[in-house]
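Please examine the sequence and the three-dimensional structure shown below before reading on.

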Amino acid sequence: MACVSLEITQRCNLDCTLCYLSDRAEMAKDVPLPILLNRIGVIHDHYGAGTSIQISGGDPTLRKIEDLEALCRHIRLLGMRSCLMTNGIKATRAMLSRLAAAGLDDLALHVDLTQERKGYTTEASLNTVRVEYLRRAQGLGLRVLFNTTLYDGNIAELPTLARFFRDHASEVALASFQMQADTGRGVLRERDAGITQERVMKALSQGMGLALDFDAMSVGHSLCNRYTSVLAAGGTVISPLANHALIAEVIAVLEKIDARSKGNLDAIHALGRLAVRRPGLAARLLLEVGRWAWGLRGGLWRSRGRVHRMSILVHNFMDATKLDRDRCESCVFMVATEDGPLSMCVHNAERDAHIFAPAKLDTPEGPRWWNAETGLLKADQDDSGGKNVVPMPLKRLKGRDRANAMRARIARKSR
Ligand code: SF4
């Protein structure tokens, strides 16, 4: 399991052109804290310690900081990892410090042109925002992740963006790229045929200036995710996954030794056990590590021996109307719902039914059901699936009429 998303609000302070929220999202009330804590328990029951929980939304920073702290503490208490998924606008240094103290592990920042931030017209210009965010998180012990949606408006800049992440590989734990998908309220819809996994992987290699090995390791279905990682030291970057056969052998053995790694320290313990059980394999791995050190030699001198690993993920969400059963069944990105974890693509396709489903809460007076439309706890279920939400005009933000904006874009593209 890569992660489970816990949507704690449907509100957002941006209005991305490829947003996965539904048009009625912001009519939903925020899920009460006790229900969220229950859902964290359910995630633990399903996947156990070590699972990464994305505290997500909407933008989760719009909730009270005390709620965010309580979620981080509870996730840490159950031995899982927490990741705050935010556009970063409200994630001040003070907020991040409090959350880090409460146990937050990871900070995932969404920055790209689909957000239409005022004054930024290229991905290169957005690098100032990325650098500012890195500065805010510096020294807090958080792993910093960046999310970038890829679409025809920024795909040509991908090599430049890859170079930025290469240059900041010592500060970024994961650079994740999501290819455009037709899932929600966004005004952009189907992705251009020219945006393919192959093109994205090639552009990333080109920008990083080295052949990235996207075939050495897999995360879930290969049509959904392509994964690789690089090692960086003092400005030198190498791919450590060139020896596919050795990597496959090591992973197979580690899986038997320790099916669920709980972080880097556990990985080190698992490698120790590998050395005891399979000394021959451990020796070949050591030789490979020697090759990595040789590749990094110039940078190692400059970094005084410090090496950082940056993961790279290309994520290929499906359009809501084109779900592939095999892929949904092997999904590794889940969303916590009232009925338990559900594939993120399936959730995106059925959003309102889940967001507006009554949520059960056990109280001293007996079971109660929370209604996302009213925000009330009641003794009886009202399973309207959002159908009772008063029909409102399509969402207007930043003075823009969504329906007209969408029509205008489609007309521009067909010209
Ligand atoms: S099914 Fe969708 S959410 Fe799940 S791994 Fe595939 S693309 Fe990602």
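The paragraphs that follow treat confidence, the sheet and the packing of helices.

This is a predicted model, in which local features need pLDDT of at least 70 and side-chain atom pairs count only at pLDDT 80 or more, while totals for chains, interfaces and linings use all residues. Residues are numbered from 1 along each chain as its sequence is written, and side-chain values use heavy atoms, with hydrogens and water left out. The pLDDT is the predictor's confidence in each residue, from 0 to 100. For the protein chain its mean is 90, and 89% of the residues reach 70 or more. Over residues 395-400, however, the pLDDT is below 50, although this stretch has 16 contacts in the model beyond near neighbours in sequence; a contact means heavy atoms within 4.5 Å. Where pLDDT is low, predicted coordinates should not be read in detail.

Consider next the sheet. Helices (H or I, at least four residues) and strands (E, at least two) are DSSP runs, numbered from the N terminus, and two strands pair if DSSP finds at least two bridges between them. Here 11 strands form an open sheet with mixed pairing, in the order β8-β7-β9-β6-β5-β4-β3-β2-β1-β10-β11. Strands β8 (236-238) and β11 (340-343) stand at the edges with a single partner strand each, so one side of each has no neighbour in the sheet. On average, neighbouring strands of this sheet are turned by 25 degrees against each other, direction ignored.

Helix α6 (residues 197-208) lies across β5, β6, β7 and β9, and runs at about 155 degrees to β9. Axes are lines fitted to C-alpha atoms, for helices over the stretch in contact, and angles run from 0 to 180 degrees between N-to-C directions.

Helices also pack against one another. Helix α4 (residues 123-137) and helix α5 (residues 158-167) meet at about 25 degrees, with their axes 10 Å apart. This makes α4 roughly parallel to α5, since angles under 35 degrees count as roughly parallel, over 145 as roughly antiparallel, 65 to 115 as roughly perpendicular and the rest as oblique. The contact is made by Glu123, Asn127, Arg130 and Val131 of α4 and Leu161, Phe164 and Phe165 of α5.

The axes of helix α7 (residues 244-257) and helix α9 (residues 279-295) come within 11 Å and cross at roughly 135 degrees. These two helices, α7 and α9, are therefore oblique to each other.
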